[in-house]
Amino acid sequence: MSKIIVTFSWILALTISSTFAATFTFHQALESFYKKAKPSMPAAESDGRTPTLNQKGATAPTLDYVTLSFLDFAKNKRVLEVGGAYGNVMLEALHRNSSTVYHLNDLDERHLGIAAFRLQEKIDQRKICMAGLENVQFIYGDITQPSWNVKKPYDAILMANVMRFLTPTQIDQAFSNLFTSLKSGGRIFIIAMSPYVKRYKSFIPEYQRRLKAGLPNPGFVENIRQYANEDSMSQDQLHTIANGHFMFLDDVTLSNLAQKAGFKVLECTFKSLSYKSDSWELDGRENVILIGEKP
Ligand SMILES: C[S@@+](CC[C@H](N)C(=O)[O-])C[C@H]1O[C@@H](n2cnc3c(N)ncnc32)[C@H](O)[C@@H]1O
């Protein structure tokens with residue numbers, strides 16, 4: 001009987017965690033996500049990017065234009081980072097200003113565990129002063145879930161290098177969730193991948209054909225591996241590419257998606273990479289950024 005109850009509780013816990021966004025304090029995140037499994041960060045690739053543990057890309061080695069704009073705006077405010085992986089931006093934000101209320105979200109609990117552990121290290125080294133650790137929370141959840149909700153809306157949300165993993169339907173839901181998670185006057189900061197990257201350059205002619213034909217979601221690919229340019233990747237990098245869908249975005253598509261969700265677009269443009277990379281760099285339009293405001 002007790003076995004049945006334990007199994008049932010596990011199924012219930014798994015169902016809840018895959019449906020809702022669950023919030024953890026710093027100590028709870030350390031206990032639940034770090035101390036039990038002790039996940040560790042993989043080694044960085046040659047261009048400085050660190051692969052994620054769930055084959056959802058890699059973390060950027062430098063702070064890009066939109067992340068720097070977010071950091072400036074975030075000071076002393078209440079902010080959320082969606083898909084923040086190992087907490088690079090969180091650590092920078094708290095280093096700059098420890099009274100910023102920072103909520104870090106990710107789909108993978110191991111990433112959140114590593115982020116909590118890295119925060120502990122910075123506090124121990126006195127690089128981050130955390131008088132009020134209750135300012136930091138960890139949100140284990142999926143931004144594309146219709147059940148996504150937050151207790152209190154934020155002043156700003158950063159979503160860097162996450163849109164590429166979503167389908168068109170998931171992107172619509174994510175934008176709707178971003179909108180409801182912000183205060184009026186609050187801002188979203190987004191950086192996404194454009195089709196103009198060396199690694200997948202064989203997709204560009206197909207993308208341009210779709211653009212010319214006026215097709216919706218011209219940058220959506222069912223299986224990204226079919227466009228992988230093996231010449232621009234090491235064997236290790238090739239192995240980090242998951243089979244499956246991928247979304248490249250351009251300035252017009254990203255801007256339309258944000259406006260459809262109700263945002264006023266303040267800035268939306270192509271940007272070059274913020275770091276050197278033989279595998280990604282093509283012509284200076286590798287990324288597309290958007291800063292938007294909830295009216
Ligand atoms: C390429 S990494 C980007 C990490 C960091 N934002 C950066 O730019 O360096 C993508 C991260 O987004 C997370 N992610 C992907 N889909 C997500 C979703 N639907 N909801 C929340 N996080 C997601 C992944 O787990 C991964 O940690």
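The questions and answers below treat the ligand, the pocket and the cavity in turn.

Reply: This is a predicted model, in which local features need pLDDT of at least 70, side-chain atom pairs count only at pLDDT 80 or more, and totals for chains, interfaces and linings use all residues. Residues are numbered from 1 along each chain as its sequence is written, and side-chain values use heavy atoms, with hydrogens and water left out.

Me: Which residues come nearest to the ligand?
Reply: A residue is near a molecule if one of its heavy atoms lies within 4 Å of it. There are 23 residues around the ligand, and those that come nearest are Asn54, Asp106, Asp142, Ala160 and Asn161.

Me: What is the distance from a nitrogen atom of the ligand to a polar backbone atom of Gly83?
Reply: A polar contact is a pair of N or O atoms within 3.5 Å. An oxygen atom of the ligand lies 2.9 Å from an N or O atom in the side chain of Asn54, and an oxygen atom of the ligand is 3.1 Å from a polar backbone atom of Ala60. For the nitrogen atom and the polar backbone atom of Gly83, the distance is 2.9 Å.

Me: Where does the ligand sit?
Reply: A pocket is an open set of points on a 1 Å grid over the protein atoms alone, with protein on both sides within 12 Å along at least five of seven lines; lining residues have an atom within 4 Å of a point. A molecule sits in a pocket if more than half of its atoms lie within 2 Å of the pocket's grid points. By this rule, the ligand sits in the largest pocket.

Me: Which element gives the most to the lining of the largest pocket?
Reply: The largest pocket holds about 640 Å³ of space and is lined by 37 residues. Helices (at least four residues) and strands (at least two) are DSSP runs, numbered from the N terminus. Two or more lining residues come from each of E3, strand E4 (78-82), helix H4 (88-96) and E5. With 3 residues, the element that gives the most is H4.

Me: How much space lies in the largest cavity?
Reply: A cavity is a set of grid points where a 1.4 Å probe fits but cannot get out. The count comes to 1 cavity of 30 Å³ or more. A volume is the space filled by probe spheres set on the points, and for the largest cavity this is about 140 Å³.

Me: Which residues are closest to the centre of the largest cavity?
Reply: The largest cavity is lined by 16 residues. The closest to its centre are Asn161, Arg164, Leu273, Tyr275 and Asn287.

Notes: A polar contact is a pair of N or O atoms within 3.5 Å; within protein, one must be able to donate a hydrogen and the other to accept it, and residues adjacent in sequence count only if both atoms are side-chain atoms.
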